[in-house]
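Q: I have a structure open and a few questions about it. Can we go through them?

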Amino acid sequence: MNQVQFKQKHLLGLAELSKEEIELILSTAVPMKQIFTRSVKKVPVLRGKTVVNLFYEPSTRTRTSFEIAAKRLSADVINVTPSTSSISKGESLVDTAKTLEAMNSDIIVVRHKASGAPHFLARRASSPIINGGDGFHEHPSQALLDLFTIKEKKGDIKDLKIAIVGDILHSRVSRSDIIGIHKLGGEVRVVGPPTLIPKDIEKLGCSVYHRLEDALEGIDVIYCLRIQTERQTHKLFPSVTEYTRLYAINEARLKLAKKDAIVMHPGPMNRGIELSADVAYSDRSTITEQVTNGIAIRMAIFFLLLGGGRSVQEITD
Ligand code: CP
């Protein structure tokens, strides 16, 4: 029986969570994943609860995964999209959330292009808020599913060496992963062209490399990031071809890491740019397992925020 209590009202970022709270979410996701193997992949733990997905930015994995996770716990799910809601008439984030709460929603998952938008909402809304990705800041559920996948593959994160490769500057995923990996005792190297590495990233405790070949030596996990051209206001490297030549993970570069190193990517990937197709679809890649594990992690998050303090054994036995 896990003795740690989850006292958080919201899930805003890995920065707000203790090592013990991160471990509690990861351990709660284990029995949640076992539910996937049942003939009826559903438990009645959140029956009568309503989850709202409020996504101001596009998403395939995160939005769908939160929806499936909520449905596997028997909650009802409402998806609100800006183009087909009164957001397109200028309704504010707070007024939209208050309108949804007036319809008795129980929890809001919000993705927003502005860093800090979920934190702003959490101070004003009465229901729990889950950060589904905010600007360049954090993407906590992605980092938690990444940590879960690394633990499944490697047993423990303590003392692992993890290289995060590519567009660190625009990546909320990398920021959450760096924070989470450090809290669990792993080492992070970030690698990419100087223009894609934020100033002061070392303050998060990672080391910075610009030459991929140096960064990959002795590495247990290679984490590739997408080049986020939609967030670049001006050109940050000469050409995609040059970026690929210097930073793409391919079979030859994979050989520079440990022989059992795994390759991760949060998706969506620019296949052939940051990652070659042969590596992306090889048995060293965990990309599809990350997606599957995302459902278990998001079930654990909903359960810990809305489950009324029940033990996970009570609902999964
Ligand atoms: N990894 C991730 O956040 O993917 P989506 O943008 O498809 O949700």
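Q: Which atom of the ligand does a backbone N or O atom of P266 lie 2.9 Å from?
A: A nitrogen atom of the ligand. That pair is a polar contact, meaning two N or O atoms within 3.5 Å; within protein, one must be able to donate a hydrogen and the other to accept it, and residues adjacent in sequence count only if both atoms are side-chain atoms. This is a predicted model, where local features need pLDDT of at least 70, side-chain atom pairs count only at pLDDT 80 or more, and totals for chains, interfaces and linings use all residues. Residues are numbered from 1 along each chain as its sequence is written, and side-chain values use heavy atoms, with hydrogens and water left out.

Q: What about G267 and T60?
A: A polar backbone atom of G267 is 3.1 Å from a nitrogen atom of the ligand. For T60, a polar backbone atom is 2.8 Å from an oxygen atom of the ligand.

Q: How much of the ligand does the protein bury?
A: The protein buries 91% of the 250 Å² that the ligand exposes when taken alone. Those areas come from the Shrake-Rupley method with a 1.4 Å probe; for residues, only the protein chains shown count as cover.

Q: Which residues surround the ligand?
A: S59, T60, R61, T62, R111, H139, Q142, P266 and G267, each with a heavy atom within 4 Å of it.

Q: And where does the ligand sit relative to the domains?
A: Domain 1 (14–138 + 291–316) and domain 2 (140–286) both contribute residues to the shell, so the ligand lies between them. The bounds come from an automatic or database domain assignment.

Q: What lines it?
A: R61, S65, Q142, L145, H265, P266, Q290, V291 and R298 line the largest cavity. The largest share, 3 residues, comes from α11; helices are DSSP runs (H or I, at least four residues), numbered from the N terminus, and strands are E runs of at least two.

Q: Which peptide bond is cis?
A: The one from G267 to P268, with omega near -10°. P268 is in the loop between β9 (262–264) and α10 (277–280).

Key
1 Å grid on protein atoms, 1.4 Å probe; cavity = no way out; pocket = protein on both sides within 12 Å on 5 of 7 lines; lining within 4 Å.
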